[in-house]
Amino acid sequence: MLFLALVSCLLYCTVGAEKSDALHDVWDFTESCLLTVWQNRLCVYTTAAVLIGVWFTVNMLLKKKKMVDPISPRLDKSVKNQKLSPETEKVIHVSGVKVFYGSQTGTAKGFAEELAGDVSAQGIQCEVIDMKDYDPEDRLAEECTSKMLCVFLVATYTDGQPTESAEWFCKWLEEASTDFRYGKTFLKGMRYAVFGLGNSVYVGHYNTVSKNIDKWLWMLSAARIMTRGEGDCNVVKSRHGSVQADFQAWKTKFLNRLQALAKGEKKACSGKCKSSSCKNKKKHKEEAEDGQSHAEKNSSEEELMESSSDAESSAEEEKAHGSVIDMEDLGNVMNRMKKAKRMEGDEEDSQRVKLSKQNGVRKSESEEERREMITPALRDALTKQGYKLIGSHSGVKLCRWTKSMLRGRGGCYKHTFYGIESHRCMETTPSLACANKCVFCWRHHTNPVGTEWRWKMDPAEKIIQEAVENHKNMIRQFRGVPGVRPERFEEGLTVKHCALSLVGEPIMYPEINSFLRLLHQQNISSFLVTNAQFPEEIRSLVPVTQLYVSVDASTKDSLKKIDRPLFKDFWQRFLDSLRALGEKQQRTVYRLTLVKAWNVDELKAYADLIALGQPDFIEVKGVTYCGESSASSLTMANVPWHEEVIYFVQQLANLLPDYEIACEHEHSNCLLLAHHKFKVDGEWWTWIDYERFQERVQEYEESGGTKSFSAMDYMAKTPSWAIFGARERGFDPSDTRFQRKNKTKDISGC
């Protein structure tokens, strides 16, 4: 300031007085301008406000542009001027898909691999993860920020529990969903979809695991991208005919949803917007009018296929009804729900086929609409196992003992105990379905399950005709095979015995009595095995050459653990079946399968069950190990040695004063306890006079059931080599024992 003052002073001195008038003029002009501004200050303030508003608007627009534009404004000028590539401009909405599976039999794993292949085909990275190899505590939270989609394909196992591989994942997720330390928003940002695999015949446990996972993820604020899908192994109630078809339908919807998410699209407008400016409203209306019938069909199908949680359903209802339902409309809504439920119940009743004493089938109008028991996937699996499938629910297979006896290498234990000619025995079943899922099932649970007959039904005549023909064709394949005895080959072409023990529960077949009568008319003896879950059907059976009941355990807990029955009242049904067996006059057998460490310590309980049913014979057999199976935890450690089976039978015989060990078949690890009434003059008569049986059963049919007969009417003397304690140990001396070196064990047989 001092410097400016000196300069001004020097200028004033040099310019002189003549310049003073000019300076005064400048000051007067400035003063007049300032005065004018002050007098018009309102206009100035308005102009300033407008300029500030424009500046604020421009800044807001620039900020929005920065949020979309990933390029920072501070980048180098050359980078800013350079045109951005399409890859840089593209925003990634889905970085990939993780498919988690929890499987027991391998079905969920197969679905996971199939889904991963289809996702990868869309150019999206996909990873398949076994739940047992994934630690949710350390890694699940990462999915909230990874932009990954998590898909869960989970099966429901026994009693609604998760499979072994998914057990820890489910346990942690359940605890986290209710643990305040994680909080309700622990998984916020995670996106997921769930598909469950279950069987609706397990009432109360159907797809429980998938429902729980869906619920727990939702409780932790994870976002569901689509409603939960449910696959049903019960072909009768399956929405699309099988669990595979259910998965295909759900997968198609998932892939469509995935494509929409990858493009950044939100959920499509439903056309129910209240605003008149909705562009899609008119379009939806036109589409609805053009394809009303098609829409009704698909909407009902989708509604049945999928099941969303209550939260999602209520949210959609709120959006559709403006969050409020009028009291006047509430009654209409309830009436529609009741009507739909009543119609569904009527439809189920019309399609259900009850098992009756007369084996009459109540034909319904929807007979042709019933589904086949054998799905395409099941047909492929059983065909690979050597089954010759008949119609839609039956099958026949060549027993390994049939092959053995054709070559003169010995017969099965039924040959030793009852005189069956194994090379003339046909092993078949009119029902592949079963009401149990036993841990030692040699079919590895490839057959369907059910508690009643609700499938299409083939006539008994067709089943027997095709079963015999298929059996003969399999026998003909042994023509010219080295070692096959010519006389036995010729005999084998004429079926003499039928073992209804191939797989499943033959007594479920509504025309089982007609089936048995047709067998007897062709002079074929019948050996029927049931799992003791259908007592009324046992009572209504016509005479059978020999009727078996599988007694796999002697207590309620062990039976549930070993047989894994479908019925809730399985124990009462089991006991009633044993009582029903005791009412039969023909030959009856208890069939005990010993599983070491599972049911070999229940001697007293077994004795009580034997007293309940009073069977003629008791077969005690060590369990056969059928190889590793994901559906069972059975190992070779559970197979008892033959000496252990003998010890068990001896201890059991000590508790049964009316029974004694009669026969032994060492090769099958099996012994026979027989009632003392079959020991005549110190000699056992456990064999069967098959010609005498055919005569007796013919008289029974001709008399209309009034002329009955008993097991004592067609018994035959047991040969000495079949008696327990004989040197042959149950091996027929007319045959030659054959031992293979490094043989691959054949587990087929009855």
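Visitor: Where does asparagine 199 lie?

Guide: Asparagine 199 sits in the loop between strand S4 (191-198) and H9. Keep in mind as we go that this is a predicted model.

Visitor: Does asparagine 199 count as buried or exposed?

Guide: The cut-off for buried is under 20% relative accessible area. Asparagine 199 has 12% relative accessibility, so this residue counts as buried.

Visitor: Which residues is asparagine 199 in contact with, leaving aside its neighbours within four places in sequence?

Guide: Its contacts are Tyr206, Asp232, Cys233, Asn234 and Val449.

Visitor: Which residues make the contact?

Guide: H8 contributes Cys170, Leu173, Glu174 and Ser177, while H9 contributes Val209, Ile213, Trp216, Leu217 and Met219. Sorted by class, the contact has seven nonpolar, one polar and one charged residues.

Visitor: Now the sheet. What is the order of its strands?

Guide: It is an open sheet of ten strands, ordered S8-S9-S10-S11-S12-S13-S14-S15-S17-S16, and the pairing is mixed. Strand S8 (388-390) and strand S16 (659-665) are the edge strands, each pairing on one side only. From one strand to the next, the twist averages 25°.

Visitor: How does S14 pair with S13 and with S15?

Guide: Strand S13 (residues 546-550) pairs with S14 in the parallel sense over five bridges, with valine 549 opposite tyrosine 590 of S14. S14 also pairs with S15 in the parallel sense, over six bridges. Leucine 592 has valine 620 in S15 as its bridge partner.

Visitor: Why is S14 described as largely enclosed by the rest of the structure?

Guide: Eight of the eight residues of S14 are buried, so the strand is largely enclosed. Arg587, Val589, Arg591 and Thr593 point one way, and Thr588, Tyr590, Leu592 and Leu594 point the other way.

Visitor: Which helix lies across S14?

Guide: Helix H24 (residues 603-613) lies across strand S14 (587-594), strand S15 (617-622) and S16, and runs at about 165° to S14.

Key:
Residues are numbered from 1 along each chain as its sequence is written. This is a predicted model: local features need pLDDT of at least 70, side-chain atom pairs count only at pLDDT 80 or more; totals for chains, interfaces and linings use all residues. Side-chain values use heavy atoms; hydrogens and water are left out. Two strands pair if DSSP finds at least two bridges between them. Helices (H or I, at least four residues) and strands (E, at least two) are DSSP runs, numbered from the N terminus. Axes are lines fitted to C-alpha atoms, for helices over the stretch in contact, and angles run from 0 to 180 degrees between N-to-C directions. Contact means heavy atoms within 4.5 Å. Ala, Val, Leu, Ile, Met, Phe, Trp, Tyr, Cys and Pro count as nonpolar, Asp, Glu, Lys and Arg as charged, and the others, Gly among them, as polar. Buried means under 20% relative accessible area, exposed over 50%, partly exposed in between (1.4 Å probe, protein chains only).
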